[in-house]
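I am opening my notebook on a structure that is new to me. Come along while I look things up one by one.

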Amino acid sequence: MSKKNYNNFFSWLWYKKKKNNNKPEENQKQNKQEETTKDGIKISKNTIIIKKRNKITENEIKNKNIQNLNNNNQKQSIQLTQPSNKTLDNQKQKLSTTSLNNNIYKSIKNKKNEHRYNNVFQSLQFSLKKTKNYLEKKIKKIFFSNQENNHLFESIEEMLLLSDFGVNTTANIIKSLKKEIHKNNTADKSEIFLILKKILLNILNKSSEKKTKINQKKPKIILIVGVNGVGKTTTIGKLAYKLKKSGNSIMLAAGDTFRAAAVDQLQIFGKKNKVPVIYNRIGTDPSAVIYDSIQAAKAKKIDVLIADTAGRLHNKQHLMEELKKIIRIIKKYNLSSSPEITLVIDACSGQNTLQQVKLFNNTINVNNIIVTKLDGTAKGGIIFAISDQFSIPINYLGFGEKIYDLQEFNKQKFIEFLFEKNKN
Ligand SMILES: Nc1nc2c(ncn2[C@@H]2O[C@H](COP(=O)(O)OP(=O)(O)OP(=O)(O)O)[C@@H](O)[C@H]2O)c(=O)[nH]1
């Protein structure tokens with residue numbers, strides 16, 4: 001084909017596409033991407049927008065007020081869920097061969113990592129690398145070196161305190177260790193090491209093993225709570241990925257109506273996981289969003305509804321009252337199953353997390369805990385402190401920003417990995 005013909009061909013293609021973009025039928029097609037449920041809630045492919053409301057009344061739902069979306073919202077919905085042909089064309093043009101290769105490379109690399117994490121032990125390697133490195137050095141020095149150590153208990157105490165086991169838990173461990181050593185009448189350091197491992201496992205066993213169970217009754221609601229910036233929204237993305245992978249249909253509720261970025265963030269996770277997200281305007285009563293989400297989840301027969309909440313300081317009474325209200329709404333309108341309240345804590349926050357667990361649990365009865373950001377700290381000992389002082393199960397460990405950086409917490413493997421006998 002001559003250069004002239006080649007140019008003409010593309011000019012013709014460009015003209016045709018431009019013409020199609022201007023056709024009103026196209027816009028109508030985009031609108032048809034939305035479905036209306038029996039209850040009148042409009043659901044677009046990945047995003048649901050609900051008309052701004054301040055109070056929840058059942059009549060409102062019956063009157064299908066939600067269906068009357070205002071024009072601005074409609075446009076936003078289409079933009080978010082269905083990028084225009086023009087945008088897509090621009091994006092395609094920008095993708096040079098090199099960047100295309102880079103994208104393919106990235107997706108292969110991510111798939112490889114995901115595969116790596118399928119092995120519990122290997123994922124622990126990623127998540128607890130810093131804690132492990134610190135403990136390994138200390139364990140080697142305290143229990144497996146030929147050097148005389150006249151201050152064995154002091155050395156163990158220091159190791160535990162510096163790994164964030166906390167003063168109380170460290171004192172409990174040292175007390176039990178002394179008792180067991182006396183009972184076994186031993187001075188052999190390798191035997192003492194085995195006794196220490198057993199005591200640590202007993203501490204983890206204090207909290208019952210309770211995994212997220214998906215009931216026959218739908219939807220199961222998981223309410224994610226915690227202080228600011230601990231990783232709640234990111235954890236929701238990871239949890240959605242994990243639960244969807246095991247065959248459940250998922251819906252996300254943007255109950256954080258305080259921070260605009262949180263809604264955007266949740267929508268990104270919704271798109272990544274191909275799951276719908278329910279949200280409302282910033283400043284709306286979060287209970288209203290949760291109520292609407294329950295209706296939408298019921299209409300769509302969703303297995304699990306994961307609800308985000310705004311980060312809040314555990315000592316701010318009015319914010320904790322807001323959480324209580326959300327829970328009351330869930331209990332009232334989702335009679336089929338009680339919500340699972342999951343507290344997210346950041347492993348890097350140190351001993352302050354114990355205060356968070358205490359206050360959240362006193363106010364709203366936490367069902368389980370997810371510990372995040374273990375990849376960024378050498379202080380994984382906080383997990384022992386939580387188990388020692390509260391009998392709340394730790395369900396998952398988060399160790400990165402990718403959606404597959406979440407691993408079920410396995411006590412036995414956790415101890416084995418952190419305190420495996422040093423081979424040297
Ligand atoms: N390294 C690491 N970063 C994480 C992890 N989980 C979350 N993050 C990051 O922590 C930051 C805060 O995460 P968010 O999910 O926005 O936290 P949030 O609790 O929803 O924040 P608020 O809504 O402000 O309370 C983000 O930059 C996340 O990417 C993790 O396990 N490891």
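Here are my entries, from the whole chain down to single residues.

**Ground rules.** I noted that this is a predicted model, where local features need pLDDT of at least 70, side-chain atom pairs count only at pLDDT 80 or more, and totals for chains, interfaces and linings use all residues. I count residues from 1 along each chain as its sequence is written.

**The whole chain.** I looked up the secondary structure and found 18 helices and eleven strands. Helices (H or I, at least four residues) and strands (E, at least two) are DSSP runs, numbered from the N terminus. Next I checked burial: 37% of the 424 residues count as buried. A residue is buried if 20 or more other C-beta atoms, placed from the backbone, lie within 10 Å of its own, exposed if 12 or fewer, and partly exposed in between. Then I turned to contacts, meaning pairs whose C-beta atoms, placed from the backbone, lie within 7 Å. Among contacts between residues at least 6 apart in sequence, 76% join residues at least 24 apart.

**Domains.** The chain is divided into domain 1 (127–204) and domain 2 (220–366), with bounds from an automatic or database domain assignment. Taken over C-alpha atoms, their centres are 38 Å apart.

**Around the ligand.** Which residues come nearest to the ligand? I found Gly-231, Lys-232, Thr-234, Gly-311 and Gly-398, out of 22 residues around the ligand. To be near, a residue needs its C-beta atom, placed from the backbone, within 6 Å. The elements giving two or more residues to this shell are α12 (232–245) and α13 (260–273), and α12 gives the most, with three. By class I noted three nonpolar, twelve polar and seven charged residues. Here Ala, Val, Leu, Ile, Met, Phe, Trp, Tyr, Cys and Pro count as nonpolar, Asp, Glu, Lys and Arg as charged, and the others, Gly among them, as polar.

**Helix α16.** I looked up α16 (residues 352–364) and found Thr-353, Leu-354, Gln-356, Val-357 and Phe-360 buried. They sit on the same side of α16 because they cover an arc of only 155 degrees around the axis; the arc is that of the directions from the helix axis to the C-beta atoms. On the other side, Asn-352 and Asn-362 are exposed. The cover over the buried residues includes β4 (220–225), β8 (340–346), β9 (368–372) and α17 (382–389). Just after α16, I saw that Asn-365 takes a positive phi of about 55 degrees.

**Helix α17.** Is α17 largely enclosed or open, I wondered? It is largely enclosed by the rest of the structure, because seven of its eight residues are buried. Among them are Ile-382, Phe-384 and Asp-388. Their cover includes α10, α11 (189–204), α16, β9 and β10 (394–398).

**Gly-166.** This residue lies in the loop between α9 (152–162) and α10 (167–184). Leaving out residues up to four places away in sequence, Gly-166 touches Gln-351, Leu-354 and Ala-385. I also noted that its C-alpha atom is 9.5 Å from that of Ile-386, 220 residues apart along the chain.

**Helix α18.** My last stop was α18 (residues 411–418), where Phe-414, Phe-417 and Leu-418 are buried. These cover an arc of only 90 degrees around the axis, which puts them on the same side of α18.

Terms used. Two residues are in contact if their C-beta atoms, placed from the backbone, lie within 7 Å.
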